[in-house]
Amino acid sequence: MRILLVTGQLAKETVREYSKDFDNVSVMDLPIAVASLMKPSYIIRQLKSREIKGYDVILTSGLIEGDLKEVEKELGIKTYKGSKHASDIPLLLQYLEKIELSSKIAADELIKEELKRRALEEIEEVERKSEELVKKEGNFKIEGLALGKDFPIRIMAEIVDAPKLTDEELKRRALYYYNSGARIIDIGMIANEERINDAYRCVKAVKQVIDCPISIDSMNPEEIKKGIEAGASIVLSLDGGNAEKLSSLADRAWFVVIPTNFDKNYFPKGLEERVKALEDNVRLAKSLGFKKILADLILDPFFSPNFTESLISYHLFSKRNPNIPLLMGVGNLTELTDTDTLGMNVILAGSATELNISIILTTEVSDRNKGSVRELCQASRMMFLAKKRRTTPKGLGIDMIFIKDKKLKDESYPRKLEKEIEVIHTNGKEEYYKADPKGCFRFYVDREKEEIIAIHYPTYKLDKPALIIKGKRALDIYREIVKRNLVSTLDHSAYLGAELQKAEISLKLGKSYIQDSPLF
């Protein structure tokens, strides 16, 4: 197959560099500076006057607007949009015969979507076979939800201090967690308070909107009883202090056993003691008739007392008790470590997958921890796929790269131009700002609806707003501002663009947005 890459003057050397290792590829540069500005009609005019016989496929820049079907029809050669970035040309050429190219959509987007589609299809195939797989040793079901070593880790999301919320607030929070990927919703009760009726109310409220297992998170036997009565199918937690009081409910739910005795203020010290204490509590539970048991060694925050030992305890317990499924709560770590959660949740999901953890419990209490449920859900699927394919979690079609790029796609700066034309270095000094006669804007972000808000004031007194413009993209808002003729100076226009883009980035990153203040 002979391939013709069509590009412009600015990118021609870069395109040649990235395609030089492919003998069946030629590069043709047209007399236009920027390849993305080509129109289908322009390509037709230019290529009709050139020798293009013998080529099987024409690939243009993926940034070109419009449909290239017209080019294919006129020239009689299949014509598709190539990659948006020259650095992706090698990847495109490798996948050329493995994907269906498009005259409308950039090829690198198609490749990325194809890899993602294959990855998700592989996971979906596992879910479709759940009835068969759940019969294998190491797998089990809770209310129709398949769990175990042959499935991705299921994420349990805790509604912290649930009794303090109204029914509507509980429902919204549960739906948010479910839509983020959680498949078990945990009703977190309030420590050292007895809220028996609230335990029943909270479980009932969540079950009205979510069809998935609900857990009741309490050490109080009366709250646990009410939670189970309302429909909870998992209990967090059972220990040496409340096991006997809950024995009458042994067959009515799954119980997460922990290595403590809260009644006696006992918490094990050291690795061996922690594992032995949990084994003792599991034996106690079994002697009282509990059969549906999960185990949680309790993951420590760093240095409180020891994260590493607590993580090793899961490994040690699992080796000694391979048939007892494990739950790991990671909120202790993510909530109590001042760092972004994305990378931490990936590491935790990878560690949990190696340990054959069945359920990860997390919280989203602090603003910094928002999005942890979604992160853990994606990370657990990525790690499951890596484990299933027996490879490292790289190049799977699912990734957790959000802030940085896997591969930089910067266009090379033509530094030689500095020898030919004047170069001005800005001094960074504040210049006098001249007020725009059209008025000014105040910008806000609505995190609930994920929208940028622009409020226009005809005067700088900010006492009588005239218009509110809402949107999810900076581009849409400033185009609306220009269309309505609400800006009249170049300085103000540049300011609006910069400020609106800052607001959009703040929504994506979960950063505070304050007008006229830097994001970082």
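## Terms and model

A strand is a DSSP run of E with at least two residues, a helix is a run of H or I with at least four, and both are numbered from the N terminus. The model described here is predicted.

## Nonpolar core

The largest nonpolar core has 77 residues. Ile185 and Ile187 are the residues with the most contacts inside this core. Helix H14, which spans residues 372–389, gives the most to the core, with nine residues.

The surroundings of isoleucine 185 can be listed once its neighbours within four places in sequence are left aside. Isoleucine 185 then contacts Ala157, Ile159, Ala174, Tyr177 and Tyr178, and also Val206, Ile210, Cys212, Pro213, Ile214 and Ser215.

## Helices H7 and H8

Helix H8 covers residues 196–207, and its axis comes within 9 Å of the axis of H7, with a crossing at roughly 50 degrees. On the H7 side the contact is made by Asp167, Leu170, Lys171 and Ala174, and on the H8 side by Arg201, Cys202, Ala205 and Val206. By class, the contact of H7 with H8 has five nonpolar and three charged residues, and no polar ones.

Lysine 171 belongs to helix H7, residues 167–179. Is lysine 171 buried or exposed? Its relative accessibility is 15%, so lysine 171 counts as buried, the cut-off being under 20%. Apart from neighbours within four places in sequence, lysine 171 has contacts with Ala205, Gln208 and Val209.

## Helices H13 and H14

H14, the helix that gives the most to the core, packs against helix H13 (residues 341–354) with the two axes 8 Å apart and an angle of about 40 degrees. H13 and H14 are therefore oblique to each other, and their crossing is right-handed.

From H13, the residues in contact are Thr341, Leu342, Asn345, Val346, Ala349, Gly350 and Thr353. From H14 they are Ser372, Glu375, Leu376, Ala379, Ser380, Met382, Met383, Phe384 and Lys387. The residues of the contact of H13 with H14 comprise eight nonpolar, six polar and two charged.

## Helices H15 and H16

Helix H15 runs over residues 474–483 and helix H16 over residues 490–509. Their axes come within 9 Å and cross at roughly 150 degrees. H15 and H16 are therefore roughly antiparallel to each other, as angles over 145 degrees are put in that class. The crossing of H15 and H16 is right-handed.

Ala474, Ile477, Tyr478 and Ile481 are the H15 residues that meet H16. Their partners in H16 are Leu496, Gly497, Leu500, Gln501 and Glu504. The contact of H15 with H16 divides by class into six nonpolar, two polar and one charged residues.

## Backbone geometry

Which peptide bond at a proline is cis? The bond from serine 304 to proline 305 is cis, with omega near -5 degrees. Proline 305 sits in the loop between strand E12 (293–295) and helix H11 (307–320). A cis peptide bond also joins leucine 236 to serine 237, with omega near 20 degrees. Serine 237 is part of strand E10, residues 234–238.

The loop between E12 and H11 also holds isoleucine 298. Isoleucine 298 is a residue other than glycine with a positive phi, near 70 degrees. At 17% relative accessibility isoleucine 298 counts as buried. Asparagine 356 likewise has a positive phi, near 60 degrees, and lies in the loop between H13 and strand E14 (359–362). The relative accessible area of asparagine 356 is 39%, so this residue is partly exposed.

## Arginine 45

Arginine 45 is located in helix H2, residues 40–48. Its relative accessible area is 54%, so arginine 45 is exposed. Arginine 45 and glutamate 74 are 29 residues apart along the chain, and their C-alpha atoms are separated by 9.8 Å.

Conventions: Residues are numbered from 1 along each chain as its sequence is written. This is a predicted model: local features need pLDDT of at least 70, side-chain atom pairs count only at pLDDT 80 or more; totals for chains, interfaces and linings use all residues. Side-chain values use heavy atoms; hydrogens and water are left out. A nonpolar core is a set of buried Ala, Val, Leu, Ile, Met, Phe, Trp, Tyr and Cys residues joined through side-chain atoms within 4.5 Å. Buried means under 20% relative accessible area, exposed over 50%, partly exposed in between (1.4 Å probe, protein chains only). Contact means heavy atoms within 4.5 Å. Axes are lines fitted to C-alpha atoms, for helices over the stretch in contact, and angles run from 0 to 180 degrees between N-to-C directions. Angles under 35 degrees count as roughly parallel, over 145 as roughly antiparallel, 65 to 115 as roughly perpendicular and the rest as oblique. A crossing is left-handed if the near helix is turned anticlockwise from the far one by less than a right angle, and right-handed if clockwise. Ala, Val, Leu, Ile, Met, Phe, Trp, Tyr, Cys and Pro count as nonpolar, Asp, Glu, Lys and Arg as charged, and the others, Gly among them, as polar.
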